[in-house]
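Hello,

Here is the structure I promised to pass on to you. Please open it alongside this message, and then read on for what turned up.

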Amino acid sequence: MKYCRFESENGPLLGAVQERDGEFWVVGDISEALALKEGEAAVSFEPRRLSELALLPPVTPTKIICVGRNYRDHAKELGNEVPAEPLLFFKPLSSLLSPGGVIRLPQVSERVDFEGELAVVIDDVTARDLQKKDGQWTRAKGFDTFCPVGPVVDTDLNLDDLSTGLTIETRVNGEVRQHGSTADFIFTLPVLLEYITAAITLEPGDLLLTGTPAGVGPIKAGDVVEVSIPGLGRLSNPVQPEAD
């Protein structure tokens, strides 16, 4: 099942998503089951195009766990060795950004990079100069708006899909900048989950960002970053300076 999360007159709702003639439609409110369970009135919903809705991040995680350098070509392009074990870091929940939301360039950074990756659909953003300055990754990758996510969750994806290879493509202003495949993971999803859960309890709704392929580069005000995976839709976010 595919689903999204969107804003409505009755607050955030979860919508079942179907593809019709190459376009995503929200065809039902799956929040109804939760509402009925809590003894509330179900909300009626008429099918609408996904593009017509005010989308929200599709999940409400308790934590966002990220994997660094999970593609050999990406480690190489940054001049880094391939890690012997998964490199983990966190993004704060305040970095979450809705599909279509504005990525804000922090005034304290002179270089901010796009990074497309799979969490389900992800557009990771990094202040590259601050990452090198700090020696660790939390501040560089954790600014508000630095974790756009969405638009769709697909519960039917499985390990075979990832090992066979899901294509991840990032475009900036319509130009392809990244084109990778999950078949090229250094650490597969089972390895990552075993490694992480040995130390950290993962809870329903948590996000695991699985790493970005080669091709990362800087973005500037006025750019539009789009990340897509076939069957999962396209995550599009404009870039603007940080408000004074």
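Below are my notes on confidence, one hairpin and the salt bridges.

Please keep in mind that this is a predicted model. The chain has a mean pLDDT of 89, with 91% of its residues at 70 or more. The stretch to treat with care is residues 34–40, where pLDDT stays under 50. For those residues the model has 3 contacts beyond four places in sequence. Where pLDDT is low, the predicted coordinates should not be read in detail.

Now to the hairpin. Strand β14 covers residues 167–172 and strand β15 covers residues 175–181, and the two pair in the antiparallel sense over 6 bridges. If you want a place to start looking, threonine 170 stands opposite glutamine 178 in β15. There are 2 residues between the strands, and asparagine 173 takes a positive phi near 55 degrees.

Arginine 171 forms one with glutamate 169, and the closest N and O atoms are 3.2 Å apart. Glutamate 169 counts as buried, at 15% relative accessibility, whereas arginine 171 is partly exposed at 24%. The second pair is glutamate 175 with arginine 177, whose side chains meet at 3.8 Å, N to O. Here glutamate 175 is partly exposed at 47% relative accessibility, and arginine 177 is partly exposed at 33%.

The structure holds 12 salt bridges. Which residue does lysine 63 pair with? The partner is aspartate 206, with the closest N and O atoms 2.8 Å apart. This pair links distant parts of the chain, 143 residues apart. Lysine 63 sits in the loop between β5 (54–56) and β6 (64–68), while aspartate 206 sits in the loop between α6 (189–197) and β16 (207–209). Are the two partners buried or exposed? Lysine 63 counts as buried because its relative accessibility is 14%, and aspartate 206 is buried too, with a relative accessible area of 17%.

One more item for your list: Glu23, Arg48, Arg49 and Glu52 are linked in a network of salt bridges. Side chains of opposite charge can pair when their charged atoms come close.

Happy browsing, and do write back with any thoughts.

Best wishes

Notes
Residues numbered from 1 in each chain as written. Predicted model: local features only at pLDDT ≥ 70, side-chain atom pairs only at ≥ 80, totals over all residues. Heavy atoms only, no water. Pairing = 2+ DSSP bridges. Helix = DSSP H or I, 4+ residues; strand = E, 2+ residues; numbered from the N terminus. pLDDT = per-residue confidence, 0-100. Contact = heavy atoms within 4.5 Å. Salt bridge = Lys/Arg side-chain N within 4 Å of Asp/Glu carboxyl O. Buried < 20%, exposed > 50% of the residue type's maximum accessible area, 1.4 Å probe, protein only.
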